[in-house]
Amino acid sequence: MGRKKKDTRYFTEQTEAAIIAYNKSEDNRERNKLYTEHIHYSFYKLSENVLNTWGFTYFDDDKEDIKHEVVSFLLEKIHKFEEGKGKAFSYFTIAARNYLILNNNSNYKRFKATSQLS
């Protein structure tokens, strides 16, 4: 027999349950614990994967800074996720992708405008 296959999923049912519990809770200590223990890593890996998958190129910032910016954006939008209206992974992947598209396009326009001036 070989080694047991390691579970490499970063956004699991437990992550979704933590997001739902986070949204239902009004206790800041509980929300902080849920975020740090169950949500932050998932948001971070999701932002990393979205950034690498779609290859956004018009960012001046370091990739690490962009990932943290996306995580902050997702945390700002966490309250908009509704239980029973789809999977959290899909919702937050689309939110992250749209955020990066919007910023990439505005950076491209600024890049194009400055390159035309030269």
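The model is predicted, so local features need pLDDT of at least 70 and side-chain atom pairs count only at pLDDT 80 or more, while totals for chains, interfaces and linings use all residues. Residues are numbered from 1 along each chain as its sequence is written, and side-chain values use heavy atoms, with hydrogens and water left out.

The chain holds four helices and zero strands, with helices (H or I, at least four residues) and strands (E, at least two) being DSSP runs numbered from the N terminus. Read from that end, the order is simply α-α-α-α. The C-alpha trace spans about 55 × 45 × 25 Å along its principal axes. The radius of gyration is 17 Å, whereas a compact globule of 118 residues would come out near 13 Å; this radius is taken over C-alpha atoms, and the globule rule is 2.2 Å times the number of residues to the power 0.38.

Now for the inside. Of the 118 residues, 35% count as buried (under 20% relative accessible area, with exposed over 50% and partly exposed in between, using a 1.4 Å probe and protein chains only). The largest nonpolar core has 29 residues, and I19, F43, L74, F92 and L100 have the most contacts inside it. Each of α1 (13–24), α2 (28–54), α3 (63–77) and α4 (88–117) supplies at least two residues of this core, and α2 gives the most, with eight residues. Such a core is a set of buried Ala, Val, Leu, Ile, Met, Phe, Trp, Tyr and Cys residues joined through side-chain atoms within 4.5 Å.

Leaving aside neighbours within four places in sequence, L100 is in contact with V50, L51, F56, F59, I66 and V70. L51 and L100 are 49 residues apart in sequence, yet 7.7 Å apart in space, C-alpha to C-alpha. Not counting residues up to four places away, L51 also touches F56, K63, I66 and K67. Across the chain, residues 24 or more positions apart account for 66% of the contacts with a separation of 6 or more.

R9 is partly exposed, with a relative accessible area of 48%. From R9 to S42 the gap is 33 residues in sequence and 9.1 Å in space, C-alpha to C-alpha.

How values were computed. Contact means heavy atoms within 4.5 Å.
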